[in-house]
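Please open the structure in a viewer and keep the selection panel at hand.

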Amino acid sequence: MSQDNIRAEVENILENSHIGTMATVKNNKPHSRYMTFFHENLKLYTATSKETDKTEELEENPYTHIILGYEGEGFGDAYVEYQGKAKLNDSQELKNQVWNEYMKNWFEGPEDPNLVVLEIEPIGIQLMNKKGESPKTLDV
């Protein structure tokens, strides 16, 4: 499979699968949670509160592992394993861009001072479980 084909498959999964797991390191052990992701090209973004464990964990160790795309249909479901380096982005423009009505459960609005966006730069991306094929690595 060519890099162009792998990239197209990865981008399709990122475009159509917004909920995934995000792992950080807490007390020297993996710590995972479900998050909602948005993407631009291959960079991922997710909104969170400055008051969460994950912001502290990422300040200590900015590396994360994210899984997106598995739909539970069974063997052959393609998904993406995404290794990235996260940083906190407090840009009002980015907060406005990722804001949606569901976020009202946690924040007063995109201007809420506790709202921050995690900006995750890819350092490794693999297309997994494509109809039982071996993993395909996307050059990033």
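Predicted model: local features only at pLDDT ≥ 70, side-chain atom pairs only at ≥ 80, totals over all residues.

Residues are numbered from 1 along each chain as its sequence is written, and side-chain values use heavy atoms, without hydrogens and water.

Next, colour by secondary structure. The chain has 3 helices and 8 strands (DSSP runs numbered from the N terminus: H or I of at least four residues for helices, E of at least two for strands). From the N terminus, their order is α-β-β-β-β-α-β-β-α-β-β.

Now select helix 2, residues 53-60, and find Lys54 within it. Is Lys54 buried or exposed? Lys54 counts as buried because its relative accessibility is 8%, and buried means under 20% relative accessible area with a 1.4 Å probe, protein chains only.

Show the neighbours of Lys54. Leaving aside residues up to four places away in sequence, Lys54 touches Arg33, Met35, Thr48 and Leu118 (heavy atoms within 4.5 Å). With Thr48, the contact is a polar one between side chains, at 2.8 Å (a pair of N or O atoms within 3.5 Å, one able to donate a hydrogen and the other to accept it; residues adjacent in sequence count only if both atoms are side-chain atoms).

Finally, select Leu88: its C-alpha atom is 11 Å from that of Lys54, and the two residues are 34 residues apart along the chain.

Key: Buried < 20%, exposed > 50% of the residue type's maximum accessible area, 1.4 Å probe, protein only.
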